[in-house]
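Biologist: I would like to learn how to read charged pairs and strand faces in a protein model. Can we take them one at a time?

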Amino acid sequence: MIFFAPGLPIGQPRVRASKRGSHAAVYTPSTADAWKAAVAAAAVEAGMVPTVEDVRCRIVFAQPRPKAHLRTGKRAGELRDDLPPWPRRYDLDNMAKAVLDALKGIAWADDCQVQRLSLSRRWAAPGETPGAVIEVERMVAP
């Protein structure tokens, strides 16, 4: 099954620790929650059904360009010439972790079922909605 999850693809944040007085607490920042909810909603809308089988997953992220990549003045809106060819804002493995976590219970029981994982990212074209194309396929035993 292939589906598109619209939204701003971001990486799963690392677990943090804090201390209040003599009490310590561990928590995960909620910065990826909106992205994970968008992925889950898109999967449900596409009719994704959880499987207990092993799967392969392919994810292509389309990240929006920062405003600094665009010219100003009489050439406003055009891309500058000195731009990086690939996005680097988040670690690709953390971006994948957010998607895999979001699909737990929707596409699979646990992300340990993902036996093959293909990841790539690119800049979203002008006017294109940022997000990710996600393909989940059940694997056939050899």
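Modeller: Start with Arg-58. This is a predicted model. Arg-58 has a relative accessible area of 41%, so the residue counts as partly exposed.

Biologist: Which residue does the side chain of Arg-58 meet in a salt bridge?

Modeller: First the general idea. Side chains of opposite charge can pair when their charged atoms come close. Now the case here. The side chain of Arg-58 meets that of Glu-135 in a salt bridge, at 3.9 Å from N to O. The pair links distant parts of the chain, with Arg-58 in strand S4 and Glu-135 in strand S6, 77 residues apart.

Biologist: The cut-off for a salt bridge is 4 Å. How should I read 3.9 Å, N to O?

Modeller: A salt bridge needs the nitrogen within 4 Å of the carboxyl oxygen, so a pair at 3.9 Å counts.

Biologist: Is Glu-135 buried, exposed or partly exposed?

Modeller: Glu-135 is partly exposed, because its relative accessible area is 24%. Buried would mean under 20%.

Biologist: How many salt bridges does a search of the whole structure find?

Modeller: Six. One of them joins the side chains of Arg-56 and Glu-137, at 3.3 Å from N to O. Arg-56 is in strand S4 (residues 55-63) and Glu-137 is in strand S6, so this pair ties together parts 81 residues apart in sequence.

Biologist: What about the accessibility of Arg-56 and Glu-137?

Modeller: Arg-56 has a relative accessible area of 27%, so it is partly exposed. Glu-137 is at 35% relative accessibility and is also partly exposed.

Biologist: Where does Asp-111 sit?

Modeller: Look in the loop between helix H2 (92-102) and strand S5 (114-123). Asp-111 is buried, because its relative accessible area is 18% and the cut-off is under 20%.

Biologist: Which side chain does Asp-111 meet in a salt bridge?

Modeller: That of Lys-97, at 3.0 Å from N to O. Lys-97 lies in helix H2 and Asp-111 in the loop between H2 and S5, so the pair ties together parts 14 residues apart in sequence. Lys-97 is partly exposed, with a relative accessible area of 36%. The side chains of Asp-111 and Lys-97 also make a polar contact at 3.0 Å.

Biologist: Which residues are linked with Lys-97 in a network of salt bridges?

Modeller: Asp-101 and Asp-111. Leave aside neighbours within four places in sequence, and Asp-111 is in contact with Lys-97, Leu-100 and Asp-101.

Biologist: Now the strands. Which residues of strand S1 are on its covered face, and which on its uncovered one?

Modeller: Strand S1 spans residues 2-6. Phe-3 and Ala-5 make up the covered face. Ile-2, Phe-4 and Pro-6 make up the uncovered one.

Biologist: Which strand do five bridges join to S1?

Modeller: Strand S6, residues 131-138. The two strands run antiparallel. As an example, Phe-3 has Ile-134 as its bridge partner in S6.

Biologist: What do Ile-2, Phe-4 and Val-133 form?

Modeller: They form a nonpolar patch on the surface. Together they have about 250 Å² of accessible area. Ile-2 and Phe-4 come from the uncovered face of S1, while Val-133 is found in strand S6. Val-133 is partly exposed, because its relative accessibility is 32%.

Definitions and conventions
Residues are numbered from 1 along each chain as its sequence is written. This is a predicted model: local features need pLDDT of at least 70, side-chain atom pairs count only at pLDDT 80 or more; totals for chains, interfaces and linings use all residues. Side-chain values use heavy atoms; hydrogens and water are left out. Helices (H or I, at least four residues) and strands (E, at least two) are DSSP runs, numbered from the N terminus. Buried means under 20% relative accessible area, exposed over 50%, partly exposed in between (1.4 Å probe, protein chains only). A polar contact is a pair of N or O atoms within 3.5 Å; within protein, one must be able to donate a hydrogen and the other to accept it, and residues adjacent in sequence count only if both atoms are side-chain atoms. Contact means heavy atoms within 4.5 Å. Two strands pair if DSSP finds at least two bridges between them. Patches are made of residues with over 30% relative accessible area and no salt bridge: like charges are joined within 9 Å, nonpolar side chains (Val, Leu, Ile, Met, Phe, Trp, Tyr) within 5 Å. Accessible areas come from the Shrake-Rupley method with a 1.4 Å probe; for residues, only the protein chains shown count as cover.
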